[in-house]
Amino acid sequence: MAEPILLVQGDTSPQVKVTLTRKDTGSAEDLTGSTVKMHFRKKATTTLLFSITGQSTPDEATAGTTIFAFSSSQLDLDPGKYEGEIEVTFDSGAKESVYEVVDFVLREDFA
């Protein structure tokens, strides 16, 4: 299992870069024309807090890479453990969710 991504409460510009690969072939998932979202919630809850749409250049999309940028007040949350689910909507309209969740730990800001 991957290490959790560490975030700080109230930050307005952290970014998370992910590369999606096919487990059956090991090859990168071509995200060209797709919409990739990460749905974010507090761990052990079912309440969705927000969703972030990933951004990719054409070369990044072909390589299965996208960047999720937190913004505004999205991280104005209580410190603790959170998780993200990545969902791809292909240009055909088909949807596929990544089975593994992305773990986050949010710590309190010093100031």
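A polar contact is a pair of N or O atoms within 3.5 Å; within protein, one must be able to donate a hydrogen and the other to accept it, and residues adjacent in sequence count only if both atoms are side-chain atoms. The model is predicted: local features need pLDDT of at least 70, side-chain atom pairs count only at pLDDT 80 or more, and totals for chains, interfaces and linings use all residues. Residues are numbered from 1 along each chain as its sequence is written, and side-chain values use heavy atoms, with hydrogens and water left out.

Start at threonine 66. This residue lies in strand S5, residues 65-69 (strands are DSSP runs of E, at least two residues, numbered from the N terminus). Threonine 66 has 1% relative accessibility, so it counts as buried (under 20% relative accessible area; exposed is over 50%, partly exposed in between; 1.4 Å probe, protein chains only). A polar atom of its side chain lies 3.1 Å from the backbone nitrogen of glutamine 55. Its side chain also makes a polar contact of 3.2 Å with that of serine 56. Not counting residues up to four places away in sequence, threonine 66 touches residues including Val16, Leu31 and Val36 (contact means heavy atoms within 4.5 Å).

Now move to strand S4, residues 48-53, which holds serine 51. At 32% relative accessibility, serine 51 counts as partly exposed. Its side chain joins that of histidine 39 in a polar contact of 2.6 Å. Beyond neighbours within four places in sequence, serine 51 is in contact with Met38, His39 and Gln74. Leucine 48 is also in strand S4. With 48% relative accessibility, leucine 48 counts as partly exposed. Setting aside neighbours within four places, its contacts are His39, Phe40 and Arg41.

The structure holds six aromatic pairs (rings of Phe, Tyr and Trp, the last by its six-membered ring, with centres within 6.5 Å; planes under 30 degrees apart count as stacked, over 60 as edge-to-face, the rest as tilted). Phenylalanine 40 and phenylalanine 70 form an edge-to-face pair, 5.7 Å centre to centre with 80° between the planes. Phenylalanine 40 is in strand S3 (residues 35-42), and phenylalanine 70 is in the loop between S5 and strand S6 (80-89), 30 residues apart. Both are buried. Phenylalanine 40 and tyrosine 82 have ring centres 5.4 Å apart and planes at 10°, so this pair is stacked. Tyrosine 82 is in strand S6, so the pair ties together parts 42 residues apart in sequence. Ring pairs link Phe40, Phe50, Phe70, Tyr82 and Phe104 into a cluster.

Methods:
Helices (H or I, at least four residues) and strands (E, at least two) are DSSP runs, numbered from the N terminus.
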